[in-house]
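Here's a quick tour of a single chain, from the overall picture down to a few individual residues. Have a look at the fold before reading on.

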Amino acid sequence: MARPIRLESFLANLPLFRGLPAEGLTRLAAGTGKRALRRNEILFRAGEPSTGIHAVVYGRIKLFNRDREGRERAVDVVGPGRSFGEPVMFLERPYLVSASALEDSVVLHVDKDTVLAELGRNPQFAARIIGTLAQRTEALVLELQDHAGGSGARRLVAWLLRKAAPEDRGAVVVPLPFSKRVLAARLEVSPEHLSRVFRQLAEEHLIVVRGREIAIPDLDRLRAWHFDAP
């Protein structure tokens, strides 16, 4: 049986709410609900109204949309300790993507009115929200730049580099938060193409594929490769 969640402690460890005083966390917890999802169960669909911020306690949530032919395209996979849904909530727009559970999961929902009330009480919280959204916007711009041009290998390397911290050096390991098929959809390449890219980078000793982990022997060398790649 899963252990009970102490909402204040969990919210305090989310980057979005880190540094909030105890009374602020108590108010947020009062406006937070919990939902258990089975594998493949839908959390929300594109076009539905946004009612708050979501955060994953455990499991993995896939964010996806569909093209004109109805083919699914993974936009992101959100794992434990991460929140999502903030931008559309603040813009008061419906969800742009759908969300479903990749595996059995538990997700929190922090009510929109509760978040907005706390923003009015705490200017520092408002500044943190702005900073978080700015970081996500920057990451999105960089991802769009990588997708606008360059090879599948360059896209994969860019994705790996974004998973490493800017201060990281030497050898690092990047866990794959989802299947390689989902990663291929995220990078807008076929699964077969992605497999060839993994082999190419491994043959150049830039990465080592270990199941659901990608070992990078020399992060600086990989960064240099990405800078010079077509």
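## The overall picture

Of the 230 residues in the chain, buried ones make up 43%. Keep in mind that this is a predicted model. The chain has nine helices and 11 strands, and it exposes about 12700 Å², with carbon and sulfur atoms supplying 53% of that area.

The mean pLDDT for the chain is 85, and 88% of the residues reach at least 70.

Which residues touch the most other members of the largest nonpolar core? In this set of 30 residues, they are Leu 156, Trp 159 and Leu 183. Seven stretches each put in at least two residues: β5 (72–78), α6 (152–163), β9 (172–175), α7 (180–187), α8 (191–203), β11 (213–216) and α9 (219–228). Helix α6 gives the most, with six residues.

Take Leu 183 as a way in: setting aside neighbours within four places in sequence, Leu 183 is in contact with Leu 156 and Trp 159, and also with Leu 176, Phe 178, Leu 194 and Phe 198. Another core, of 20 residues, lies apart from the largest one; its members include Leu 16, Ile 53, Ala 55 and Val 57. Nonpolar side chains do tend to be buried together in soluble globular proteins.

Three strands line up as β9-β11-β10 in an open sheet with antiparallel pairing. The edges are β9 and β10 (208–210), each of which pairs on one side only. On average, neighbouring strands in this sheet are turned by 25° against each other, ignoring direction.

Zooming in on one pair, β10 and β11 are joined in the antiparallel sense over three bridges. Val 208 sits opposite Ala 215 of β11.

## A buried glutamate

Beyond residues up to four places away in sequence, Glu 118 touches Gly 24, Arg 27, Leu 28 and Phe 125.

Notes
Residues numbered from 1 in each chain as written. Predicted model: local features only at pLDDT ≥ 70, side-chain atom pairs only at ≥ 80, totals over all residues. Heavy atoms only, no water. Helix = DSSP H or I, 4+ residues; strand = E, 2+ residues; numbered from the N terminus. Buried < 20%, exposed > 50% of the residue type's maximum accessible area, 1.4 Å probe, protein only. Areas by Shrake-Rupley, 256 points an atom, 1.4 Å probe, with all protein chains shown as cover. Contact = heavy atoms within 4.5 Å. Core = buried A, V, L, I, M, F, W, Y, C linked by side-chain atoms within 4.5 Å. pLDDT = per-residue confidence, 0-100. Pairing = 2+ DSSP bridges. Axes fitted to C-alpha atoms, helices over the stretch in contact; angles between N-to-C directions.
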